[in-house]
Structures are given as structure tokens and as C-alpha cells.
Amino acid sequence: MAAVVEKHSIDVVPDSERHGRAFNQFTLWVGANLHITAVVTGALAVVFGGDVVWSLAGLVLGNLLGGAVMALHSAQGPKLGLPQMIQSRAQFGVKGAVVPLLLVILMYVGFFASGSVLAGEATAQLTHTGDTTGIILFALVTAVLAAVGYRVIHVLGRVASVICALAFVYLGIRLLDRVDLGELLGDAHFSLPMFLLAVSLSASWQLAFGPYVADYSRYLPRDTSARATFWWTLSGSALGSQWSMTFGVLVAASAGEAFLDNQVGYVVSLGGAGAAASVLYFVIALGKLTVNVLNTYGGFMAMVTGVSGFRGQRVLSQRGRSLYIAVISVAGTAVALAGKDSFLSSFKDFLLFLLTFFTPWSAINLVDYYLIARERYDIPALFDPQGRYGAWRWKALVVYAVGLVAQFPFLATSFYTGPLVGPLGGADVSWIAGLVVPAALYWLLARRDTAHVPEATILPAPHAEPAASGAAS
């Protein structure tokens, strides 16, 4: 068991402990996207007024665009052997990285909660209990698997990718037996706002993985091809999410209120009753378990990254790891229990609001990694507020703030609508401004300021990588 439980957290993974192939990213991200929440995300494109054809087209475009950004983050993992948000200290400073981290933690808690609501319904059906008990049971299993760590997460992804793919094939066949596909595809009426909503829904889905995607590629051998890591990550995530979202579009377009009133129950009813229903409830819980373990693990890593920047901490004990995971799990479960009766009405705004905060971070991180530092970092300095990167890097923090402000005129949610949304016909294009403005501004400000960039990547000395199990929490 000791060999299975992960030792590393925010510290560098030594070359001697690297393993796996880039293809592992494909199975992980297929499994992480074949689940009920992705189905609901696709359905929202139709629920809010889109037709089938242009909703599908918008979702494909968003998954490819957002997935490409997400996969560029994934390609950083093998090179540096670090969690994603530790690497962002090079842009924001050892302490300054806590600013986007606070929002990252909020994201993980929110996704944990939304996943627990839907998976809790499935768990309740399997255990013949109520939704509240189902949510709590599901959260406990999620926390245990996240505490075990990296290896079990990849195994879970491989298992889920196969089982959930088979289930989605079966459900797709059953759905097509019930609907007139030609009629659904024939009712096409292009609407720019609805098309851009579909693009934003799937792009936000993909971009939300950005702050933790490298956490799951950092154990790959250092010589793993960045190109291979990029393409296997993009193909797995885009394929899995588009598959789920396409199913959601067709279900929402054909079932209407029957689906909206009970998303989990309706999807299971497509497959039949009795034993078939029990199997599908299990598949729904398994699919959500995969991504909720990712969210719990990512939230724990984000919290450790933020706290350690002020405490000077480089490694974490198993006890400390368990405490951080417990905090994320309890917070997510509390939100799930509080919001389980108003899930669908708030989920779209949650996704799009998150997108506002993560696109500037992604833009700054990727411009710095690929264009400014050109993959060269001083890894020991990422843990030293007095080192090369300092405690606070104000250029990046100011650009991040500008990136946030640049999106507000284009943002369309139920609680805030920007002044330029109306002239655009109600379309929300804030995420485009959130990528382009900070990317261009950071490049202009940082391209000549390369004093912090080493000639080559500086790795920690072997003796500077103590075993995490012996560190203080």
C-alpha cells in the first residue's frame, strides 16, 4: 500500500520516479469527461434557446479552442515535474500566485459540489437512501481516493474511460431509437448569441482544467515529447467532452421538461429498468467519481501551493495531505447540500463566471512559458520569496487585473450584463477578450524584461528532494 500512496505534492518529481506514456493522458481525460455533468453542460446550449445543429457546432469549436489551451498547460508537466500552480509562481511571484489560487480553490469546491449533486442522486438510488446521504457517501469515497493520489487517479481514469464509453454507446443507441434524428437536425436556425453561448460553455469547461492539468502529466519521464503530451491530452479531453455534450444536446432537444426535471433519472430511464438501471446508476457515479477525485486532488494542491508560499514549505506529510483534502471535501459537500435543489438554474452562470477568472491566468502563464521563458525556469527559486522570482511580481498581477476588467463589458450572466452585450445581440464573448488582452499586454511588458529567465532550466539538487512522508505538515 505504501508504494501506491503518493509521496509527492508540491515538490519536484525526481527523474527516478517518473513513469508512464503520453497516451496515459488520453485515457485519463476521456474518462474525466464522459459523465453526467458534461451531458448537462451540453444540454444547456439547447435549454437556453439554441438548435441542435448550431449548438453542436459551437460546442465542437469551444472544445477544440479551450482544449488546445488546456493541453498547452499539460505539456508543461513532463518538462518541469511540478504541479501547474507552483509553476505559475514564476509569473506572479512566490506569494503573488495566491491571487489566482483563491479563485482556483473556489472553482474546485464548485465543481466538487455540482458533481456531488448529480452523483449523489445516483448513489442514493444504488444504496436505497436519500439524496443527502448519497451526496455524503459519494464525497467520502472521493476523499479517500484523492488521498491515495496520482496512481489511483490514472487507474480510475482508464477504468472509467472504458466502462463509461460502453455505457454511452448503449445509451446513444437507445436514444436514437426514441427520437427522429432527421427532424432534430433539420430544424436549424442560426443565432449568433446562442452559437457563442455554446462555444463559451464548452470552452469554459476545457479552460477550467487548465489550473491542474499538468498535475497529471508531471510524473511522465522528462524526455516525453511535449507534442505527444499536447495531442493526447487534447484528443482525450475534446473527444470525451464532445461525446457527452452531444448526447446532452440530443436529450435536451428531444425530452424537454422530462430531462430538465430529473437529469439523472431521465438518462437512466433511457437504458431500462431493474438491473439495467442499477448498472447505469453505477456508471453515472463512476464517471463523476473520476472527475471529482481530480477536483479534490487539484483543490488540495492549490491550497498547499497558496499556504506554502507564505510558510516556505516545500513538502507535505501524509497527515497534512489528509487535512487539506478533508477541507476541500467538507466545503464542497456543504455547497452541494445547500444548492442541490437549484442545480440547473445556477450551473450555467457558475461555468461562465469561472471562465472570466481563468482565461487571463491561462494567457499569462502560456505566454510566459512558451514565449518569454521558453520553457526555462529556476525550480528551486519557485519556493524562495527572496529568489529570482521574488514574493510578488506586480507586472503579472496588474496584467491579470486588466484581463479581468477587459471582460466585464462583454460578460452576460443573470446577475450582471456588460454594456456591449446588447449591441452584440446578447452574445457573451468575454472569454475572447480575457485571452487576447492579457496575452498581448503581458508579452509587451515582459518580452524585454528577461532578467528572471535562466540560461537553462535549473533543477533542485538531489539532496534537496526529501521524502514527503517525513516532512512536517
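This is a predicted model: local features need pLDDT of at least 70, side-chain atom pairs count only at pLDDT 80 or more; totals for chains, interfaces and linings use all residues.

Reader: Which residues form a nonpolar patch on the surface?

Author: Val 99, Phe 310, Trp 392, Trp 394, Val 398, Val 402 and Val 437 do, with about 620 Å² of accessible area together. Helix H18, residues 394–407, gives the largest share of the patch, three residues.

Reader: And where is Phe 310 placed?

Author: Phe 310 is in helix H15, which covers residues 275–311. With 45% relative accessibility, Phe 310 counts as partly exposed.

Reader: OK, zooming out. How many helices and strands does the protein have?

Author: There are 19 helices and zero strands. The radius of gyration is 22 Å, close to the 23 Å that the globule rule gives for 473 residues, so the protein is as compact as a globular protein of that length.

Reader: What box do the C-alpha atoms fill?

Author: Roughly 60 × 55 × 40 Å, taken along the principal axes. Of the 473 residues, 60% count as buried.

Reader: What about contacts: of those between residues at least 6 apart in sequence, what share join residues at least 24 apart?

Author: That share is 88%.

Reader: You mentioned Pro 438 and Tyr 442. Which residues of H19 are buried?

Author: Both of those are on the list, which also has Ser 430, Trp 431, Ala 433, Gly 434, Leu 435, Ala 439 and Ala 446. Helix H19 runs over residues 430–446, and its 17 residues reach 24 Å from first C-alpha to last, close to the 24 Å expected at 1.5 Å a residue.

Reader: How about Tyr 266, buried or exposed?

Author: Buried, with a relative accessible area of 14%. Tyr 266 lies in helix H14, residues 263–271. Beyond its neighbours within four places in sequence, Tyr 266 is in contact with Arg 178, Val 251, Ala 255, Ala 258 and Phe 259.

Reader: And how far apart are Tyr 266 and Ala 331?

Author: They are 65 residues apart in sequence and 29 Å apart in space, C-alpha to C-alpha.

Reader: Switching to charges. How many salt bridges does a search of the whole structure find?

Author: Four. One of them joins Asp 378 and Arg 388, at 3.2 Å from N to O. Both residues lie in the loop between H17 and H18, so the pair ties together parts that are ten residues apart in sequence. Asp 378 is buried at 11% relative accessible area, while Arg 388 counts as partly exposed at 34%.

Reader: What does Asp 449 form a salt bridge with?

Author: Lys 395, with the closest N and O atoms 3.2 Å apart. That pair links distant parts of the chain: Asp 449 is in the segment after H19 and Lys 395 is in helix H18, 54 residues apart.

Reader: Which residues are linked in a network of salt bridges?

Author: Asp 15, Arg 18 and Arg 222. The side chains of Asp 15 and Arg 18 meet at 4.0 Å, N to O. Arg 18 counts as buried at 9% relative accessibility, and Asp 15 as partly exposed at 45%.

Reader: Last topic, backbone angles. What phi does His 128 have?

Author: A positive one of about 55°, although His 128 is not a glycine. Most residues other than glycine have a negative phi. His 128 is found in the loop between helix H7 and helix H8, and counts as exposed at 73% relative accessibility.

Reader: And what about the phi of Arg 374?

Author: Arg 374 has a positive phi of about 50° and is not a glycine. Its place is in the loop between helix H17 and H18, and at 54% relative accessibility Arg 374 counts as exposed.

Technical notes. Residues are numbered from 1 along each chain as its sequence is written. Side-chain values use heavy atoms; hydrogens and water are left out. Patches are made of residues with over 30% relative accessible area and no salt bridge: like charges are joined within 9 Å, nonpolar side chains (Val, Leu, Ile, Met, Phe, Trp, Tyr) within 5 Å. Accessible areas come from the Shrake-Rupley method with a 1.4 Å probe; for residues, only the protein chains shown count as cover. Helices (H or I, at least four residues) and strands (E, at least two) are DSSP runs, numbered from the N terminus. Buried means under 20% relative accessible area, exposed over 50%, partly exposed in between (1.4 Å probe, protein chains only). The radius of gyration is taken over C-alpha atoms; the globule rule is 2.2 Å times the number of residues to the power 0.38. Contact means heavy atoms within 4.5 Å. The expected span of a helix is 1.5 Å times one less than its number of residues.
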